[in-house]
Protein chains: 2
Amino acid sequence: MKPLPDALRACLGQGVDAIDTPALVVDLDAMERNIERMAGFARQHRVRWRPHAKMHKSAEIALLLQRSGATGACVQKTAEAEALAAGGVRDIFISNEVIAPHKLLRVARLAAQLAAQGGHLALAVDSLEGIARLAAAMDQAGSGAGIDVFVEIDVGQGRCGVPPGAPAVALAQAVARHARLRFAGLQAYHGRAQHLRGAAERREALAAAVQAARHARDLVTASGLAVPLVTGSGTGTLAHEAASGVFGELQAGSFLFMDADYARNERESAQPAFEHALFVKTQVISVCASYAVCDAGHKSHAIDSGLPTVALLPSAQALRYANGGDEHGILYADSPEARLPALGDTLWLIPGHCDPTVNLHDHLVSVRGGLAHGTVERIIRVDARGALT
Amino acid sequence: MKPLPDALRACLGQGVDAIDTPALVVDLDAMERNIERMAGFARQHRVRWRPHAKMHKSAEIALLLQRSGATGACVQKTAEAEALAAGGVRDIFISNEVIAPHKLLRVARLAAQLAAQGGHLALAVDSLEGIARLAAAMDQAGSGAGIDVFVEIDVGQGRCGVPPGAPAVALAQAVARHARLRFAGLQAYHGRAQHLRGAAERREALAAAVQAARHARDLVTASGLAVPLVTGSGTGTLAHEAASGVFGELQAGSFLFMDADYARNERESAQPAFEHALFVKTQVISVCASYAVCDAGHKSHAIDSGLPTVALLPSAQALRYANGGDEHGILYADSPEARLPALGDTLWLIPGHCDPTVNLHDHLVSVRGGLAHGTVERIIRVDARGALT
């Protein structure tokens, strides 16, 4: 494992002032409160939770979540699964399709490796071709290990997955015909519904998604095949999947850090009140009469789901962050009570979208005691940063 | 230096089929033609060129550009300068402001290191405070080396830089008062004008920018200080700066790879016809009747300047790429001649914006002989990937 860069090692045990900018910073206290809320929510609803590591991409965090009650980790990519496994995670679900034969061979080898460690690997499928190729790769790897296979159904997202009727049954039956593939259930994720702003809109979208998942589950069961699990959900809709009686596992990941986009959702009363726990620390490097320029642009934080907001710490002003390109942000003081920061001042931004923001950084500088006066307790590696394949 | 990952080493000397997806791929022949065009253009206009390495972030490419006639490299961040210097680049201009004292100490140390190697470091400033802090850091580093300092003026971008009048003169004079700071000229970049679509709009914006730069240069000269260089420009406007008689150096970087966004500009006749040389190879992992899903989303390519387009290789169809989230793209066949790709097919995407796309990848898989039938000649490291500070 690569040693920590000098600048990061130097700030361990130091106050937040020692963190160089721009940097991605985790408020550990807020993150741990979010974990407690999620663990309590899952216990209360008697569902499993398998938080999506496509968000945090860190073996250390995946293991922390497991110690807090999570079943294991979800990932979207084979390379993410490999990176987490290298960091000690043993129960991993690649909730996505893999089609390339050489990549399926990597999947098969990882399944054997995890099985030898007492763990499990699972993969989603949505085509007969994908199932046949996976079975061939498992035979080629020749370890005797098996792999859990979830049939992905499209419950409204309009991306991967088959319609939740006869095609799902055909795929489930096809999985069950292969000795080394274990039909593990249905993958049903309505990604689009996560970001519907109104609670009523999300409720309506999820009512249809739950109905579709129930229908598919009942059809597969009627075909003579038990459906051990229906898995899916996200931070925007988890109250609905948890209460559905259909979903047995929640994959929500963003609850851990909560981004500015999820904060724009109207919250369900049944949804735990998650806090922002992920911030970009940035410094003002240029000022003029009408705006200030800081050193964090969209190479520091993703803007696919909107620009970051400026965190309102007790000492901060009401500022608006505007896009200043790859390496800069422009700060405006629109409201009467706002005052532009001075040259050299530091600020905390709440990223618009956690997942691709974390993917821009190698490390999460993790602070205990709050952003105003806390100290750097540890540096969490983003093990699967850039793990695209 | 970290060894190449197995999957990348394995594809060296192999055909493009061996490249795992998603991957960032450079068409070396197209890139080299772009370099020849740029070198010829600069010779013809008798201007220096110092291509911006914030785009390619690679020491290997910076050195290739220097062998082709470039003066050196521009960067935006101290950490980028350090990464290029570690890769052998000795003439570097940080065309941005640095304010943190500990970061200015890194700048000062790098200036000493490069000077000892017969090279140069330069930095932009836009405040008296920044100049004083830089001078203090140079004194603290205590090597006796100097640093080139450019005063940044705002010529229409509305970001960093002082107005191109008396404030520029004051800063130039302040620089000249410090023994270890050499006043090297003016930094004048109109980033916003690069992406104005119409040739006439860009011409108008640049006429004003050139006028502002000339005015500032003349004022500083009249104050008794020689202005050795006015530097700036980008791929969208370089014909104007080159013909201005004011700008002595072009910083354009994107010409090397040309992204989908720059291709949407109406081209000036005076502008060289640069080709797309940067592609994301992606594979179809799911299909249904009305669309196909590929494995490249916005963790593979930046979408701040629009979605990627699908490259029309001889064998490809007219397809439209739609946003499928962090890890997926949705492909539609809108036109009558288009046909959806099949499961497992691979496609080449042209990223909307080169700079933040390159920053998502550790390596550029570099192909000789074209994307249809070429072979992988070498793997170029993205040395400054994630170099944010």
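# Reading helix pairs and a two-chain contact

Guide: Let us start with one feature of this predicted model: helices α8(A) and α9(A) cross each other in a right-handed sense.

Visitor: At what angle do helix α8 and helix α9 of chain A pack, and how far apart are their axes?

Guide: In general, a pair of packed helices is described by two values, the angle between the axes and the distance between them. Here helix α8 (residues 166-176) of chain A packs against helix α9 (residues 199-222) of chain A at an angle of about 50°, and the axes are 9 Å apart. Because of that angle, α8(A) is oblique to α9(A).

Visitor: Which residues of α8(A) and α9(A) meet?

Guide: From α8(A) come A:Ala168, A:Val169 and A:Ala172, and they meet A:Ala216, A:Leu219 and A:Val220 of α9(A). Sorted by class, this contact has six nonpolar residues, with no polar and no charged ones.

Visitor: In chain B, how are α5(B) and α6(B) placed, roughly parallel or roughly antiparallel?

Guide: The description again rests on an angle and a distance between axes. Helix α5 (residues 78-86) of chain B and helix α6 (residues 101-116) of chain B pack at about 25°, with 10 Å between their axes. Angles under 35 degrees count as roughly parallel, so α5(B) is roughly parallel to α6(B). The crossing of α5(B) and α6(B) is left-handed.

Visitor: Which residues make the contact of α5(B) with α6(B), and how many of them are nonpolar, polar or charged?

Guide: On the side of α5(B) there are B:Thr78, B:Ala81, B:Glu82 and B:Ala85, which meet B:Lys103, B:Arg106, B:Val107, B:Leu110, B:Gln113 and B:Leu114 of α6(B). The contact has five nonpolar, two polar and three charged residues.

Visitor: How is chain A related to chain B?

Guide: Chain A can be laid on chain B by a turn of 180° with a shift of 0.0 Å along the axis, and the RMSD is then 0.0 Å. The two copies are therefore related as by a two-fold rotation axis.

Visitor: How many residues does each chain give to the contact, and which elements of chain A take part with two or more residues?

Guide: The contact takes 44 residues from chain A and 44 residues from chain B. On the side of chain A that touches chain B, the elements giving two or more residues are β10 (278-287) and α12 (354-358) of chain A, and the largest share, three residues, comes from β10(A). By class, that side of chain A has 13 nonpolar, 17 polar and 14 charged residues. Since 100% of the interface residues of chain A are also interface residues in chain B, the copies meet through the same surface.

Visitor: Where in the backbone is there a cis peptide bond, and which residue other than glycine has a positive phi?

Guide: As background, most peptide bonds are trans, and most residues other than glycine have a negative phi. In chain A, a cis bond joins A:Thr21 and A:Pro22, with omega about -10°, and A:Pro22 sits in the loop between α1 (6-11) and β1 (23-27) of chain A. In chain B, the bond from B:Thr21 to B:Pro22 is cis, with omega near -15°, and B:Pro22 sits in the loop between α1 (6-11) and β1 (23-27) of chain B. As for phi, A:Lys57 has a positive value near 60°, and A:Lys57 lies in the loop between α3 (53-56) and α4 (59-67) of chain A.

Visitor: What confidence scores come with chain A and with the complex?

Guide: Where pLDDT is low, predicted coordinates should not be read in detail. Chain A averages a pLDDT of 96, and 99% of its residues score at least 70. For the complex, the predictor gives an ipTM of 0.96 and a pTM of 0.97.

Conventions: Residues are numbered from 1 along each chain as its sequence is written. Chains are lettered from A and ligands numbered from 1 in the order in which they are written. This is a predicted model: local features need pLDDT of at least 70, side-chain atom pairs count only at pLDDT 80 or more; totals for chains, interfaces and linings use all residues. Copies are superposed by least squares on the C-alpha atoms of residues with pLDDT of at least 70 in both. Two residues are in contact if their C-beta atoms, placed from the backbone, lie within 7 Å. Helices (H or I, at least four residues) and strands (E, at least two) are DSSP runs, numbered from the N terminus. Ala, Val, Leu, Ile, Met, Phe, Trp, Tyr, Cys and Pro count as nonpolar, Asp, Glu, Lys and Arg as charged, and the others, Gly among them, as polar. Axes are lines fitted to C-alpha atoms, for helices over the stretch in contact, and angles run from 0 to 180 degrees between N-to-C directions. Angles under 35 degrees count as roughly parallel, over 145 as roughly antiparallel, 65 to 115 as roughly perpendicular and the rest as oblique. A crossing is left-handed if the near helix is turned anticlockwise from the far one by less than a right angle, and right-handed if clockwise. pLDDT is the predictor's confidence in each residue, from 0 to 100.
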